Amino acid sequence: MASIKNTAQKEQSVSIVNKNLPSFGTDKQLEASIGKQVRISRKNAGVTLQQLSKQSLLSPSMLSKIENGQISASLKTIQLICHALNISITSLFKQHDKDVEPTFIKSGNGLTIERAGSDESRHYQLLGHNVSGSLKVEPCLITVTSRDYDFPDFQHKGVEFIYMLKGEMDYYYGTEIYHFQKGDSIYFDSDKPHGPKKIISDECQFLTVICSNNSD
């Protein structure tokens with residue numbers, strides 16, 4: 001969920017953890033797609049492999065393997081490349097929108113990310129990320145372990161679905177407040193301010209699915 005507070009923090013809302021990207025399919029379709037986009041972005045910027053190596057602090061041989069789809073780069077590595085080329089991380093995934101196999105995530109193995117206002121008491125696990133044509137879908141498992149956690153306000157394009165898995169909380173949307181317990185859900189246009197208002201139980205866990213236009 002995108003925050004309307006702390007703009008500088010919002011721009012760095014995704015925490016790049018040092019783990020490999022999940023592979024989609026046996027033919028390394030994702031790796032090949034990312035590598036192609038890295039090469040295109042590098043050439044568009046008029047940068048050689050050696051120059052990119054110096055700017056990203058990655059070896060030319062590693063960069064060459066990434067561009068040729070031979071290895072699965074860690075998210076930290078991708079962050080270094082994108083920072084050196086002054087491009088967004090999501091731009092590398094935009095062309096990977098055809099013949100993508102299902103993303104199967106074992107329990108507890110979602111990609112840990114951070115959003116604005118995150119700390120150790122709020123845990124995000126990204127359960128998939130699909131950008132297909134004009135549609136962008138982000139399912140995320142959120143766990144909150146502190147009643148005193150102060151959520152920022154959220155407001156962004158698209159629609160959102162929330163399903164309560166564990167615990168109890170008050171959730172606001174615009175001027176309305178909804179009391180959530182296990183099994184409750186809500187679906188709404190996410191262009192209005194929204195977010196958890198009060199965490200009532202010691203631990204809350206809920207699933208969010210955000211759908212938006214890829215051009216937003």
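This is a predicted model: local features need pLDDT of at least 70, side-chain atom pairs count only at pLDDT 80 or more; totals for chains, interfaces and linings use all residues.

Tutor: Residues are numbered from 1 along each chain as its sequence is written, and side-chain values use heavy atoms, with hydrogens and water left out.

Student: At what angle do α3 and α4 cross?
Tutor: The axes of α3 (residues 49-56) and α4 cross at roughly 110 degrees and come within 9 Å. Axes here are lines fitted to C-alpha atoms, for helices over the stretch in contact, with angles from 0 to 180 degrees between N-to-C directions. The two helices are therefore roughly perpendicular to each other (65 to 115 degrees; under 35 is roughly parallel, over 145 roughly antiparallel, and the rest oblique).

Student: Which residues make the contact?
Tutor: From α3 they are Leu-49, Leu-52, Ser-53 and Ser-56, and from α4 Pro-60, Leu-63, Ser-64 and Glu-67. Contact means heavy atoms within 4.5 Å.

Student: And what about α2 and α5, how do they cross?
Tutor: The axes of α2 (residues 29-44) and α5 (residues 75-85) come within 10 Å and cross at roughly 20 degrees. That makes α2 roughly parallel to α5. The crossing of α2 and α5 is left-handed. On the α2 side the contact is made by Ile-34, Val-38, Ser-41 and Arg-42, and on the α5 side by Ile-78, Ile-81 and Leu-85.

Student: How much of the chain is buried?
Tutor: Buried residues make up 40% of the 216 residues. Buried means under 20% relative accessible area, exposed over 50%, and partly exposed in between, using a 1.4 Å probe and protein chains only.

Student: New topic: where is Gln-205, and is it buried or exposed?
Tutor: Gln-205 is in strand β10 (residues 204-213). Gln-205 is buried, because its relative accessible area is 18%.

Student: What does the side chain of Gln-205 join up with?
Tutor: A polar contact of 3.0 Å joins the side chains of Gln-205 and Thr-143. A polar contact is a pair of N or O atoms within 3.5 Å; within protein, one must be able to donate a hydrogen and the other to accept it, and residues adjacent in sequence count only if both atoms are side-chain atoms.

Student: And Ser-74, where does that one lie?
Tutor: Ser-74 lies in the loop between α4 (60-67) and α5. Its relative accessible area is 11%, so Ser-74 is buried. The side chain of Ser-74 makes a polar contact of 3.0 Å with the side chain of Thr-77.

Student: What is the phi of Leu-57?
Tutor: Leu-57 has a positive phi of about 65 degrees although it is not a glycine. Leu-57 is in the loop between α3 and α4, and Leu-57 is exposed, with a relative accessible area of 74%.

How values were computed. Helices (H or I, at least four residues) and strands (E, at least two) are DSSP runs, numbered from the N terminus. A crossing is left-handed if the near helix is turned anticlockwise from the far one by less than a right angle, and right-handed if clockwise.
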